[in-house]
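Please work through each task with the sequence and the structure at hand before reading the solution.

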Amino acid sequence: MDELTTTRRGFLKSGTGAALTIGFALPLASGRLEAAAPAVFAPNAWLRLTGDGTVTVMCGSAEMGQGVLTAIPMMLAEELDADWKKVRVMQAPVDKAYDNPMFGMQATGGSTTVRAHWEPLRKAGAAAREMLVAAAAAQWKVPAGECRTEAGQVIHTSGKKLAYGALVPAASKLAVPAEPKLKDPKDFRILGKPTRRLDTPGKINGTAKFGIDAQVPGMLVAVMARAPQPGAKPVKVDDTRAKAVKGVRQIITIPHGVAVLADGYWAAKKGRDALVIDWDLGGAKDLSTAKVTDMLATGASQADAIALDAGNVKDAAATSSRSLDATYEAPYLAHACMEPMNCTAWVRGDTVEIWAGTQSQGPSQGILSQVASVTPAKVKVNTLLLGGGFGRRFAPDFTIDATLLSKISGKPVKLVYTREDDTAAGFYRPASVTKFEAAMDDKGMPTMLKCGVGSPSIMAASGFMKIPDNGVDNFAMEGIADHPYDIPNQRLAYGRAEPGPQVWFWRSVGHSQNIFFIESFIDELAVAAKADPYEYRRALLGKQPRYKAVLELAAQKAGWGTPLPAGVHRGIAVAQSFGSYVAEVAEVSIGADGTPRVHRVVAAVDCGMTVNPLTIERQIEGAIVYGLSAALYGRIGFKDGRVEQGNFNDYPVLRMNEMPKVEVHILPSTEKPGGVGEPGTPPIAPAVANAIFAATGQRLRRLPFDGALLRKA
């Protein structure tokens, strides 16, 4: 329909020819198979090989900067033995064939793309490779065992060669192997090698299309006055001034707020700003940051949903040489994506089409079918690039509202959030208060750990998860309930508290605050024991070789224990999340005004077998920036039921001149791949907090760090 629409049928009927679909071929949304012709070898949903040797890999995951448009092709191309110079990638449509195996739906999040597709994509490439070898062997009338593959060619022991493209017609007639043999990792030519990203050129030359770039003929642009809190309703709407704005075409009230539809963004925003709305905030009218803290603290004190109960906490406490207790707190956080939320939707009769940067393509199809009262097969989702996701674009609010506005208006509608809309729209990282109690023996080693976590439930808020029968929200407890330290007696519990704001997944989810809590408290125990924080952790990680290995590598590369410039101090932290292990050492000084300055961060990561080391380095660096922004500045506060923050002036992120030097060291591993998009975030806040303590003797137990406390220190 327009330049942003790239259909599967359009690709198959383009100059590359129509694909022959065999085996577990790419189905249409209706379940029918595409028409076939031997100009393209397409043995599965992901691969298209044409006669000129071009390899096109279909990617069903959303690209939000984490590198999936390169990682997915690398996994398939490795087993295919493709010539990487001839590999291309296309965004796949919504289809069950592209469901994330770890989710059971086509969605991107949880640092799962590589982990989930490591085996399926490699098998897809290996099956195609075996078919190409069989086709060449049949043509040469030789045993397949006498043939090998390399860089897009089948090579016989005699030296004869056939390019993959020449084998397309013959290979297309063969059955797809059910269990192809995968390569030994020692023979990898592509995986594990630093590789430039396939999506970079388009982002440099401007041809790459993000959600906000979508253009549909005749569309209106919408800006909404959103409800200040979930459930808030407009009691009175005066739209007189809004209607007077040149270019404003319609004003529509929907459940989430009042939308102004106009010829362009600026007219829509001016119209929205001219609305006069009296909101009924209901029970949220008195919500404040202080009340949030009180509710969460009560939840932590009364936590009785047991995540872990080991040994005898009561007896251990009674027989201990000494004890230590501390309370930690983390605030609600916005995602602050560079590209604010947006979606373009067009409801026409019994069909819906959207253009959006969304992390949840598959769920969107089902959700929007309900919004528009059509069947899921009638909903087409065009997945465009995401200008940051961090979990926020897994939420359906912007796609729902755009679709609803198009249905009501009868026009294609592009809904765009302003920065202030985005910041105040909810879907926050949950705030949390956590109370620790520990008992220690006469050597200072912990014999008992008791913990209560007070926090809202993401599982309940998600709409597609159920809190387990034990009452424990797994996201609220992750990083604490599964901490690695060898402590014999433990009682770790969750106390659900719901102050009201909508909570959601945020980069590294519960680990983002819980690792700050537990790694800071372990540091407190080390100080109480008069032990080196690094050595203290090592002593408690005897049963955790992967944790211990990254801890040791980070300490070694950072020069732990060696002299630093005057006023600079080190802190250390270690964590596991999403199947990967990361340790970070931060070097920090404190300015005269109490402001912490992070000079250098050394990270060691064990993420199992690697796909692209360049992506790993960049993702760890980006995760550190994200976590450091939250630790130094991030906070969503409330007053009289409304969010206090709006834009980067009062919800700042790390500036370029504040960026520390970051070193990333990848630990060689033969384990299955872990995620890399999120695991770099959790350790940075405690590493910095522990360095601040080393510098000042002041233990900061609340995020973001308060420079006023450090001035007093």
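**Exercise 1.** Determine how the axes of helix H18 (residues 613-632) and helix H19 cross, and list the residues of H18 that meet H19.

*Solution.* Step 1: The axes of H18 and H19 come within 8 Å and cross at roughly 55°. Axes here are lines fitted to C-alpha atoms, for helices over the stretch in contact, with angles from 0 to 180 degrees between N-to-C directions. Helices (H or I, at least four residues) and strands (E, at least two) are DSSP runs, numbered from the N terminus. The model is predicted: local features need pLDDT of at least 70 and side-chain atom pairs count only at pLDDT 80 or more, while totals for chains, interfaces and linings use all residues. Residues are numbered from 1 along each chain as its sequence is written, and side-chain values use heavy atoms, with hydrogens and water left out.

Step 1: H18 and H19 are therefore oblique to each other. Angles under 35 degrees count as roughly parallel, over 145 as roughly antiparallel, 65 to 115 as roughly perpendicular and the rest as oblique.

Step 2: On the H18 side, Ile624, Gly627, Leu628 and Ala631 meet Ile684, Ala685 and Val688 of H19; contact means heavy atoms within 4.5 Å. This contact has six nonpolar residues, one polar and no charged. For these classes, Ala, Val, Leu, Ile, Met, Phe, Trp, Tyr, Cys and Pro count as nonpolar, Asp, Glu, Lys and Arg as charged, and the others, Gly among them, as polar.

**Exercise 2.** Describe how H15 crosses H19 and how H15 crosses H16.

*Solution.* Step 1: The axes of H15 and helix H19 (residues 684-696) come within 8 Å and cross at roughly 30°. The two helices are therefore roughly parallel to each other, and H15 passes H19 in a right-handed crossing.

Step 1: Ile515, Phe516, Glu519, Ser520, Asp523 and Val527 in H15 meet Ala685, Pro686, Ala689, Asn690 and Phe693 in H19. These residues divide into seven nonpolar, two polar and two charged.

Step 2: The axes of H15 and H16 come within 9 Å and cross at roughly 105°, so H15 and H16 are roughly perpendicular to each other.

Step 3: From H15, Glu519, Ile522, Asp523, Leu525 and Ala526 meet Pro533, Tyr536 and Arg537 in H16. By class, this contact has five nonpolar, no polar and three charged residues.

**Exercise 3.** Which residues touch the most other members of the largest nonpolar core, and which helix gives the most to this core?

*Solution.* Step 1: The largest core holds 78 residues, of which Phe436, Ile480, Val688 and Phe705 touch the most other members. A nonpolar core is a set of buried Ala, Val, Leu, Ile, Met, Phe, Trp, Tyr and Cys residues joined through side-chain atoms within 4.5 Å.

Step 1: Helix H15 (residues 511-528) gives the most to this core, with eight residues.

Step 2: Leaving aside neighbours within four places in sequence, the contacts of Phe436 include Leu324, Tyr328, Leu449, Ile480, Phe517 and Phe521.

Step 3: A second, separate core of 51 residues includes Val55, Leu69, Ala71 and Ala124.

**Exercise 4.** Is Val574 buried or exposed, and which residues does Val574 touch?

*Solution.* Step 1: Val574 lies in strand S23 (residues 569-577).

Step 1: At 2% relative accessibility, Val574 counts as buried. Buried means under 20% relative accessible area, exposed over 50%, and partly exposed in between (1.4 Å probe, protein chains only).

Step 2: Not counting residues up to four places away in sequence, Val574 touches Tyr485, Ile515, Glu519, Tyr547, Val550, Leu551, Val582 and Ala583.

**Exercise 5.** Locate Ser508, Lys530 and Pro704, and describe the backbone at each place.

*Solution.* Step 1: Most residues other than glycine have a negative phi, and most peptide bonds are trans.

Step 1: Ser508, in the loop between strand S22 (489-496) and H15, has a positive phi near 80°. Ser508 is buried, with a relative accessible area of 0%.

Step 2: Lys530, in the loop between H15 and helix H16 (533-540), has a positive phi near 55°. Lys530 is exposed, at 77% relative accessibility.

Step 3: Pro704 lies in the loop between H19 and helix H20 (707-712). A cis peptide bond joins Leu703 and Pro704, with omega about -5°.

Methods: A crossing is left-handed if the near helix is turned anticlockwise from the far one by less than a right angle, and right-handed if clockwise.
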